[in-house]
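Dear colleague,

I am passing a structure on to you, together with some notes on what turned up in it. Please have a look at it first, and then read on.

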Amino acid sequence: MASRRHVIPFTELGRQDIGSVGGKNASLGELTAHLGAAGVRVPPGFATTAQVYEELLAAHGLRASIEDQIARLHDGAPLEKVGRAIRALILREPLPTSLPGEIVTAYEDLARRTGGEDPPVAVRSSATAEDLPEASFAGQQDTYLNVRGPERLLESCHRCFASLFTDRAIDYRERMGFDHLSVALSVGVQIMVRADRGGAGVIFTLDPETGFPDVIVVSAAWGLGETVVSGQVDPDEYTVFKPSLKDSSLNPLIDVRVGAKQLKTVYAETGLTRTVDTPPGERTRRVLGDDDVRTLAGWAEAVEEHYGCPMDLEWAKDGVTGELAIVQARPETVQSRRRITAIRECRLTVNPGRPLIEGTAVGEAIGQGPVVPLTAPVAREAFPEGGVLVTGLTDPDWEPVMKRASAIVTDHGGRTSHAAIVSRELGVPAVVGTGCATRVLRQVRDVTVSCAEGDRGRVYEDLLPYVEHETDLSVVPKTRTRIMLNLADPSAALRWWRLPADGVGLARLEFIVAHQVKAHPMALLHPEKLDADDRRDIERLTEGYQDRGAYFVDRLSQGIARIAASRWPDPVVVRTSDFKTNEYARLLGGRTFEPEEANPMIGWRGASRYYSDAYREGFALECRALLRVRDDMGLTNVVVMIPFCRTPGEADLVLDVLGEQGLRRGQNGLKVYVMAEIPSNIILVREFGERFDGFSVGSNDLTQLTLGVDRDSEALAHLFDEGDPAVTRSIQRLVAGAHEAGRTAGLCGQRPSDDPTFTEFLVRSGIDSISVAPDSFAVVKEHVARAEGPRRGEDVHSAEGE
């Protein structure tokens, strides 16, 4: 690279040139030079060098003038006044003599290469300390889009130089300990992708909330990507499972969430850009099809492998040519710096009641304080320390006050918006994309902001009590007995990926159906049997689906896949639906299809529904979802478990139905377990063992049916005891019988978490696995390790599959 040139094409740059052209431009050069063979497209462009910036500062004593202003800041002058003064000084100083001609020549060369006169370009700032693994200056300097013509290009470059001293950039360097005058700035000029007629967004090569490394998360909105980065829109979000991405025969897309996308940024007729309302037809449509998502995910994975670290990328799709492109790439700087040997858990200690509002949770913490509603940034000192910032959306100008907040709540934005990114970096919980926070919370005094309940963040009135607990994973003991997790909420599954569990012993479909599907499966298949109100609600719920059964399969399969991916390749035991009739009736449209039973607990539930003509079609949808997860998505670690199976004959009927739907034991490694929760399962353990691959003790129902005690009866609560000899002997018999048949036996329930004596009993009985709630995992591990004690000559394990 010639040292005297002020302008360098991307084709001659690489990541070794960060000191010369900044992290952003060096990365674009690296992608251009080294990842074209992987199919990664990068729009052509060029960068000015840091030498240009140094020459600018050297002219007419500008550096000394800036130093004087920084000294004023350290003496107590307001940040806003200091920043404004420095920017004015830079804009008054002419660009170095030779620079304008070199920029215009490079721009004209771009025009020749792309075949257009005055082509639109993006003009972006690239700081020499930007996009480093240990710090990110991204978004703190200016970007100008749809810049046309030499005059406007030079003006935009000059403004980029001045933007090295935006208020948020000054504040960040102060906080991170960077010398202001040791950071230089390069300007990148890149051909625009016509995303104004297509779409754009952001890609993370890990889950941005939890750091889970086996997924790629792509966000997307119509138009230019500024609306996504700034948080103006609630984008689509597509989650791709990396292990399945490597196999072209599999569909690695395990989760799709269609955002509202109310706004989009397009070219303005008189230059630059403008933001307009998104047409209604586009708001409910996906921005990206499966093929495009796969292409972007494949590129992102290639970039991650090349850099050797998690990455944060920006992409755009040309609405004219249909081509995709990567327009920025930087190392991810939040999750990659987290301490991976510890898990921090926050939990409300009271029933919070109904939330005031909900949105997308950012982080996993809880924050609380007085509501501070703002429509525009204020001076840092004017924002009360520990207040809850409530606003429409944030941009980099908000950063000085955001770090004083105990929590942040916004009307707009998704997980890749500015508010979300900065909140993660600061460790401040945020709820974004609520739609109405500024209206609802304006009259509320104090709130508690909870991001500890999965991917939905909730804001509650008043200062609610909560506890924080950190589990040091480095001291969790290893055990011979497999300790697994009970999971129900797919949105919370990824937060537990660091736990050294041996898989999921119980994933309940009922939660996914109730919270993500929301409708009775038979109501989806037979809306003609519903009354007018329910039919209208079904139509609204399944908007965009001609086949409402496909809606059920999509939602259910995505929920299952998210849980299965969180523990890959360890086994994830998915129990098919076990709603009681009164619970099914509460689903949308359920009343039409459910009988009224005097005792639903021992009524038409579990296995008896699956082969019944009244529900067989509904169960077929469950089977289709399970088959999609295993065969199409490649998550073959899913084990199917049948609940409440009363007789071996009933087992045969259910297995026949599973087979008819393509779920055959042994095919593609499929295992089918049965819940051991009825005395007949214990008495006929050999017969059930001939039909199933494993048993899982459901201790609540087994206790209820063994002792004849309604588990929900307060009057009989003193008799409900899982440690009763009748129950424990049944468990012992089940474990012994299962082992004689060459089958595994586990238990899923709360009792091992609360009672070390019961845990010791299970270990002595030879139980193969114990499945518990994630927040009880470490405690149960300790109980089991003590119960097992050291055994000479035997190895222990902590994360082996069954």
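A residue is called buried when its relative accessible area is under 20%, exposed when it is over 50%, and partly exposed in between, with a 1.4 Å probe and protein chains only. Helices (H or I, at least four residues) and strands (E, at least two) are DSSP runs, numbered from the N terminus.

This is a predicted model, in which local features need pLDDT of at least 70 and side-chain atom pairs count only at pLDDT 80 or more, while totals for chains, interfaces and linings use all residues. Residues are numbered from 1 along each chain as its sequence is written, and side-chain values use heavy atoms, with hydrogens and water left out.

On confidence, pLDDT is the predictor's confidence in each residue, from 0 to 100; the mean for the chain is 91, and 96% of its residues reach 70 or more. Over residues 792-802, however, pLDDT stays under 50. Where pLDDT is low, the predicted coordinates should not be read in detail.

Helix α7 (167-176) is mostly covered, with 7 of its 10 residues buried, namely Asp167, Arg168, Ala169, Ile170, Asp171, Tyr172 and Arg173. These buried residues pack against α3, α4, α12 and α13 (418-426), where contact means heavy atoms within 4.5 Å. Just after α7, Gly177 takes a positive phi of about 80°, and the loop between α7 and β5 (185-191) also holds His180. That histidine is buried, with a relative accessible area of 4%, and the side chain of His180 makes a polar contact with the side chain of Arg173 at 2.9 Å. (A polar contact is a pair of N or O atoms within 3.5 Å; within protein, one must be able to donate a hydrogen and the other to accept it, and residues adjacent in sequence count only if both atoms are side-chain atoms.)

In α4, Leu79, Val82, Gly83, Ile86, Leu89 and Ile90 are buried. They cover an arc of only 125° around the axis, which puts them on the same side of α4, the arc being that of the directions from the helix axis to the C-beta atoms. On the other side of α4, Arg84 and Arg92 are exposed.

Asp411, in the loop between β18 (407-410) and α13, is buried at 8% relative accessible area. The side chain of Asp411 reaches the backbone nitrogen of Ala437 at 2.7 Å, and residues that Asp411 touches include Thr391, Gly392 and Cys436.

Some backbone details deserve a look as well. Most residues other than glycine have a negative phi, and most peptide bonds are trans. A cis peptide bond joins Trp568 and Pro569, with omega about 0°.

Finally, how many disulfides does a search of the whole structure find? The search finds 0, a disulfide being a pair of cysteine sulfur atoms within 2.5 Å. The sulfur of Cys748, for instance, is 16 Å from the closest cysteine sulfur, in Cys645, which is too far for a bond.

With best wishes

Methods: Lists of a residue's contacts leave out its neighbours within four places in sequence.
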